[in-house]
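Here is a short briefing on aromatic contacts. Please look over the sequence and the model first.

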Amino acid sequence: MPVDMHKNVSVQVDSDFALLLPSGVYEIKKMEPRSKIRTIIVFCLFLAIAGIIGFGYFCQDQVCALSKRAVILQSSDMLAYNELQPVALHQPSSSLNSNSNNNNNNYNVGGSTAIASKSSAPQNIIANAGLSYEDVLNDDFQFDMDGHDVMVFLHIQKTGGTSFGRHLVRDLDLKASAKICHKVVYLLTPISLQRPCECQRQRKRCYCFRPHRNENWLFSRYSTGWKCGLHADWTELTSCVDVELDKNEGETAKRRYFYISLLREPISRYMSEYRHVRRGATWKGSRHWCLGRQATAGELPPCYKGKDWLDVDLDQFAGCESNLAANRQTRMLADLALVGCYNKSSMPAHERDRVMLASAKRNLAAMAYFGLTEYQKMSQYIFEETFNLRFAIPFEQHNATISAAAVTNLRPDQRRRIEQLNSLDIELYAFAKNLLFQRFEHLKAKDAKFEQRFANLGNIYFKQGVTEFNWDSNIEDALSTDH
């Protein structure tokens, strides 16, 4: 058979490649030693393994993980928590009933009927919404104060947030180390692994820095100030906190955010806000920021002329349609971008209420922690078990407040009007109360030393000077224009 001399032919001669080129001239190329090839392969594997280890170290604990909160949420996701079937509060289980009796609270909040809907809702991109309660419980979790963990306190007016905010900066026992063993915490001998907040008397501000660098682990009124606006809500905080911390610390960092908040029985809270405003308090410094702009005067017309609403009567207070006291807790916990921010003409009123309530429920249930003003001891226990941190003093329960007494003196028509104005908050509170009891029972069942723990909350050791640092008397209805 004829041979095609134009094809390359290779033969091996003494570990060399002999190539017969079309011109008929042989070209000899030296082979690469196998040992050199193996070295290159080993080096590449080493780089790959080092990269994986390094990525896991610097982006640990879901900091760099893709989350549902970082992508566009469909309406079905937003309404998912409405599909929950909470226990009817007027027919509590024996365990819930016993806890309720222990707290001496039998509030009639109108039941807890979840609104379930499959209709469409606006889409929205949610950024920096933080780790959820499930994220905290599903792992062997500990709040990493020396890493990049940040606690963000969403402070809703007249819910007891001032007292709780002070507990965070003054009363957390940050000198005790904790060992986690199957989610059970055993306190060891106190050692200076943590760094307590340093409070300044004149500025009413505390520096809550990480143990080994001057970076904030707490974002709140008393630690960072109102960086995102006076009483910033969920919409404002989730779009602002990361930017403000980067600006304050002079660098960009990947942080884990843990949102926390307090809620209060809606009618008592509303009356407390009314009394606060009646004495001359305002929140004019609030930005009401949403989707890159502030609410306009047309969207939020003022309820009064002049510098304040001093001596306003209750009927006038309830009669102002733009008064943000109505359903304040729902609004501040909802993602307002879903309802066109403060533009109420963007959708029908009933649809706006439905979406806003569903969003508030979802965000509340996804928060790393929330407490209820009416259940101080239970709220303290849940906080401590969730974050594996301890308060050095017990939370105090004040059931007989001035505002609670004022509720009993309402005329029947006034009571009905206030309940109508706060119908969303009433349903949100019922949802929150049921969820709080569920979390409490879950943590209680996992705590082998629950009876001892619960009976001695705040009694780690006697904290010297706990009452010496006093920012005036902490009376619920104290006159103030900024909180």
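Phe383 counts as buried because its relative accessibility is 0%, under the 20% cut-off. The model is predicted.

**Pair with Phe391**
- The ring centres of Phe383 and Phe391 lie 5.1 Å apart.
- Their planes meet at 40°, so this pair is tilted.
- Both Phe383 and Phe391 are buried.

**Pair with Phe164**
- The structure holds 24 aromatic pairs.
- One of them joins Phe164 and Phe383, with ring centres 6.0 Å apart.
- The planes of Phe164 and Phe383 stand at 80°, so the pair is edge-to-face; the cut-off for that class is over 60 degrees.

**Cluster**
- Ring pairs connect Phe143, Phe153, Phe164, Trp217, Phe258, Tyr369, Phe383, Phe387, Phe391 and Phe395 into a cluster.
- Phe164, Phe383 and Phe391 are among the members of this cluster.

**Arginines over rings**
- Arg439 lies over the face of Tyr133, at 3.7 Å from the ring centre.
- Arg328 lies over the face of Trp283, and here the distance to the ring centre is 5.4 Å.

Technical notes. Residues numbered from 1 in each chain as written. Predicted model: local features only at pLDDT ≥ 70, side-chain atom pairs only at ≥ 80, totals over all residues. Heavy atoms only, no water. Phe/Tyr/Trp six-rings, centres within 6.5 Å; stacked < 30°, edge-to-face > 60°. Buried < 20%, exposed > 50% of the residue type's maximum accessible area, 1.4 Å probe, protein only. Lys NZ or Arg CZ within 6 Å of the ring centre and 35° of its normal.
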